Amino acid sequence: MQETSKPSGHPKGLYILFATEMWERFNFYGMRSVLTLFMVNALFFHNNIIATVFGKDAQVKDVTSSLYGGYLSLVYLSPLLGGFIADRYWGNRRSIITGGIVMAIGEGVLFCCGSLYNSSPHVAVFLFFTGLGLMITGNGFFKPNISSLVGQLYTKHDNRKDAAYTIFYMGINTGGAIGPLICGLVGDTNNPADFRWAFLVGGIGMLISVLVQLLFQHKYVVNPEKKQLGTIPENTPKGMLSVPLTIIGLAFLGVFFTGLLFFDAKYNFLFYLLSACFVLVPVVIFFDKTLTKMEKDK
């Protein structure tokens, strides 16, 4: 009796997800590498801006550290919301594309901020917080959904799955290494006016990520039965897929995260909100009757 041959290699969808994630990480780590430098050497360089926006006793170093920490905290908190919406209403693909576009717009806003910090400092500060708010919002939809598709490319007991995640994480590390290198090269030139180019390059990387996913997801990001992955759940209300409602919802989240970031820079309250989430999130999961025991355990 002839043995059934085991599949060799990996599905092409893995390399589509690899490229999508690599360029998104290029964007994220690239802009992050110059973020504090931009704040210290350009945006908040003039102490009168710090005093006007954050109070007369505010110091550049303190505000910068608080903003950087607050930004990263919200970046890792927002996927809880984005993952929930994707799971119940949008599906992975729609969430990935939407999140990527919002992040690219956020980079565009930061580029405008870097272009205006000297001539219109107050406008630049407004754009800075808006850009970071959009980056947080977009990341919330992008980050939790791209990685969840990797395992779905394989059958439940396929022994290639562990290797697939290793390859996928190589994409993360590659983007995380190249992003700061390129963005630092074009942005950190000892000329504060050049920081904007780092944001622009990061935005271009994000657009490449979205483009790769748009062009190839339908053909290659499929399960072993060749069915498309990450599609919109069947029971999703039509209103949740409305373009105007989507834009309004994303704008609301952008304003919400922008506000959290701004007020945390002034009052340092985000630590208590994040601490509360360690209690609130498990409680919500435990009492969610739509989840199985295995899902709750995970």
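Here are some friendly notes on the structure above, point by point.

1. **What the model is.** This is a predicted model, in which local features need pLDDT of at least 70 and side-chain atom pairs count only at pLDDT 80 or more, while totals for chains, interfaces and linings use all residues. Residues are numbered from 1 along each chain as its sequence is written, and side-chain values use heavy atoms, with hydrogens and water left out.

2. **The core.** The largest nonpolar core holds 74 residues, and Leu43, Phe44, Phe54, Leu67, Tyr71 and Phe128 touch the most other members. Helix α5 (residues 121-152) gives the largest share of this core, 14 residues. A nonpolar core here is a set of buried Ala, Val, Leu, Ile, Met, Phe, Trp, Tyr and Cys residues joined through side-chain atoms within 4.5 Å. Buried means under 20% relative accessible area, exposed means over 50%, and partly exposed lies in between (1.4 Å probe, protein chains only). Helices are DSSP runs of H or I, at least four residues, numbered from the N terminus.

3. **Phe44 up close.** Beyond its neighbours within four places in sequence, phenylalanine 44 is in contact with Met39, Ile49, Ile50, Phe54, Val60, Val63, Thr64, Leu67 and Val125. Contact means heavy atoms within 4.5 Å.

4. Glutamate 21 lies in helix α1 (residues 12-43). Is glutamate 21 buried or exposed? Its relative accessibility is 0%, so glutamate 21 counts as buried. Leaving aside neighbours within four places in sequence, glutamate 21 is in contact with Phe142, Lys143, Ile146, Phe168 and Ile172. Arginine 25 forms a salt bridge with glutamate 21, and the closest N and O atoms are 3.9 Å apart; a salt bridge is a side-chain nitrogen of Lys or Arg within 4 Å of a carboxyl oxygen of Asp or Glu. Both residues lie in helix α1, four residues apart, about one turn of the helix. Arginine 25 also counts as buried, because its relative accessibility is 3%.

5. **Other salt bridges.** By this rule, the count comes to seven salt bridges. Aspartate 288 pairs with arginine 88, the closest N and O atoms being 2.7 Å apart. Aspartate 288 lies in the loop between α9 and α10 (293-297) and arginine 88 in helix α3 (residues 60-90), so the pair ties together parts that are 200 residues apart in sequence. Aspartate 288 is buried at a relative accessible area of 17%, whereas arginine 88 is partly exposed at 24%. Arginine 160 forms a salt bridge with aspartate 158, with 2.8 Å between the closest N and O atoms, and both of these residues are buried. Salt bridges that share partners also join Glu21, Glu24, Arg25 and Lys143 into one network.

6. **Helix α8.** The 25 residues of helix α8 (residues 243-267) should span 36 Å at 1.5 Å a residue, and the end C-alpha atoms are 36 Å apart, which agrees. The expected span is 1.5 Å times one less than the number of residues. Buried residues in α8 include Thr246, Leu250, Gly254, Phe257, Leu261 and Asp264. After α8 comes asparagine 268, whose phi is positive, near 50 degrees.

7. **A surface patch.** Phe278, Val279, Val283, Phe286 and Phe287 form a nonpolar patch on the surface, with about 610 Å² of accessible area together. Patches are made of residues with over 30% relative accessible area and no salt bridge: like charges are joined within 9 Å, nonpolar side chains (Val, Leu, Ile, Met, Phe, Trp, Tyr) within 5 Å. Accessible areas come from the Shrake-Rupley method with a 1.4 Å probe; for residues, only the protein chains shown count as cover. Valine 283 is found in helix α9 (residues 270-286) and counts as partly exposed at 40% relative accessibility.

Technical notes
Helix = DSSP H or I, 4+ residues; strand = E, 2+ residues; numbered from the N terminus.
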